Amino acid sequence: MAARLASLLALLAIWVAAAHFGDPRHLPGPAAVFTAMGKAAASGELFAAMGVTMARVAAAFVVAMALGSALGYAMGRRALFDQIADPWIVALLNLPALVIIVLLYIWVGLNEVAAVAAVALNKLPNATVTIREGARALDPALDEMARVFAFSPMKRLRHVVLPQLAPYIAAATRSGLSLVWKIVLVVELLGRPNGVGFEINEAFQLFDVSLLLAYALPFTAAMLVVEALVVQPFERHVSRWRPRPA
Amino acid sequence: MSPAGDLGPLEVRIARKSVTNAAGQPVEVLAHLAFRLAAGEVGALIGPSGCGKSTCMRIVAGLDARFEGAVARPPGPLAMVFQEPRLLPWRSVEDNIRLAAPAVDEAELASLLKPLGLAEHRAHFPGELSLGLARRVALARAFAVRPALLLLDEPFVSLDGPLARALERELVALIGRRPVITLLVTHDVGEATRLADRIFVLSPRPATVLGEIRVERPRETISPAEARSIEDQVEALRGAA
Ligand SMILES: Nc1ncnc2c1ncn2[C@@H]1O[C@H](COP(=O)(O)OP(=O)(O)OP(=O)(O)O)[C@@H](O)[C@H]1O
Ligand SMILES: [Mg+2]
């Protein structure tokens, strides 16, 4: 903890020094950034932008995880399905994010559906491949046990399958959240009239680095809080049965 | 409670079961393995290690349909104690049992756990149990189901002598209480003699039934001479093969 704090303070010190010796237009010091942040917060614009962006992150994340999990599970369990769907997933995995975003804006229109779908589609193959790994690693011995004791499909999913997939779901969540929020900003920059990405574009037009950081830093901090308060407790909860090393 | 006679028999006729080994060659595991158990009976399969006993159990349980032949099971719930405990590591002992046997009530659960020495382990996860304890949980789970067909694949190994005997008595009590057909795999002729109505002696792989020994007064105390005679019959069947 102390090492982390020291490291963070060192980063801050470097920032202050660099701002002091460099061009303040390119890199404003912390004070300037906090002033800009305070102004954006006081006017309510900062929170409005963060709220809109968070909502997009959440929607795209939920859609991608739900579809990706279902698809990955099916592909991991059924070899034929895997062979059919795999080329699509590989293609999607290698399609640049920007291409997907622009295509969807052209095909669907400059609207919320296109924006969320574009982000979800960028995350989808990644979630699918991770969950597929998990589905392939499911223990056939426990499957047999569930069959012998006539577990219903729901019971099997909840008590046999999901606990085994939990580490994979956690991994997909972790990598997914960071991927999704980065792409959401690009989507907003390209075709939405609000959100953190839109505000960053404004700052770019004005060459206002203070304003840019005033939006980027709080949002990054918010995502770190989500990670610490949601993702990590979830991971601890699903692994509570594992015997702890002495 | 309905008498034992209401249930159908267990009829196993496996003409052939082969598996493909890692090198891609077919390996015959079971050949002409057939036996029958009437309602309420206990059958014991004894045979050398690797002869195909677990393979046979999986077929009887309906887990493996890729074999030539047919299996007729008595209607009603199935319970199995696999060769390994096969508990859900992320569920407590109690949850493992309740998931398999949702109908079990508190009093019944307590009366199952106590004689198996599991009363204080209810809330533990399987990872916190010794192998012997985990095996007992697997037994409790199978008993809790009130099965019509109970399959036990070497259920008492890795337990010490007195404990194994205590569990044998629990099994005998269970069989006495409810109509159930039991199929038991064991290496121990003594155990088979104490528990079974019929002992099926299996050959080395591919397993076939070398012969069937009927136990005259099953699950009653028998003289050392009678026990000795059964052991001799088993040896004779094995020797003749
Ligand atoms: N996939 C496979 N490839 C090759 N051989 C196999 C395969 N599956 C099973 N066998 C063989 O089938 C035989 C029967 O296995 P099985 O587990 O039924 O034996 P078992 O009688 O239960 O042995 P044990 O008493 O040690 O539990 C073994 O000799 C094993 O090597
Ligand atoms: Mg075996």
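How many residues does helix H10 of chain A have, and how far does H10(A) reach from its first C-alpha to its last? Helix H10 (residues 209–238) has 30 residues and reaches 42 Å, close to the 44 Å expected at 1.5 Å a residue.

## Basis of the model

This is a predicted model, in which local features need pLDDT of at least 70 and side-chain atom pairs count only at pLDDT 80 or more, while totals for chains, interfaces and linings use all residues. Residues are numbered from 1 along each chain as its sequence is written, chains are lettered from A and ligands numbered from 1 in the order in which they are written, and side-chain values use heavy atoms, with hydrogens and water left out.

Helices (H or I, at least four residues) and strands (E, at least two) are DSSP runs, numbered from the N terminus. The expected span of a helix is 1.5 Å times one less than its number of residues.

## Helix H10 of chain A

H10(A) bends by about 30 degrees at A:Glu227; the bend is the angle between axes fitted to the seven residues ending there and the seven starting there. A:Glu227 is also one of the buried residues of H10(A), which include A:Leu213, A:Phe219, A:Met223 and A:Val231. Buried means under 20% relative accessible area, exposed over 50%, and partly exposed in between (1.4 Å probe, protein chains only). Among the elements covering these residues are helix H1 (2–21), helix H3 (45–77) and helix H8 (153–191) of chain A, where contact means heavy atoms within 4.5 Å.

At the start of H10(A), the backbone nitrogen of A:Ser210 has a side-chain oxygen of A:Asp208 within 3.2 Å.

## Helix H4 of chain A

The end C-alpha atoms of helix H4 (residues 79–94) of chain A are 22 Å apart, which agrees with the 22 Å that its 16 residues should span at 1.5 Å a residue. H4(A) bends by about 40 degrees at A:Ala85, and A:Pro87 follows within four residues. A:Ala85 is buried, as are A:Asp82, A:Ile89 and A:Leu92.

## Magnesium site in chain B

The magnesium ion (ligand 2) has B:Ser54 (OG) and B:Gln83 (OE1) as its protein donors, at 2.0 to 2.2 Å. The two are 29 residues apart: B:Ser54 is in helix H1 (residues 53–60) of chain B, and B:Gln83 is in the loop between strand S5 (78–81) and helix H2 (93–100). Donors are N, O and S atoms within 2.8 Å of the metal (3.2 Å for Na, K and Ca); water is not among the atoms, so sites may look incomplete.

B:Ser54 counts as partly exposed because its relative accessibility is 26%.

Conventions. A polar contact is a pair of N or O atoms within 3.5 Å; within protein, one must be able to donate a hydrogen and the other to accept it, and residues adjacent in sequence count only if both atoms are side-chain atoms.
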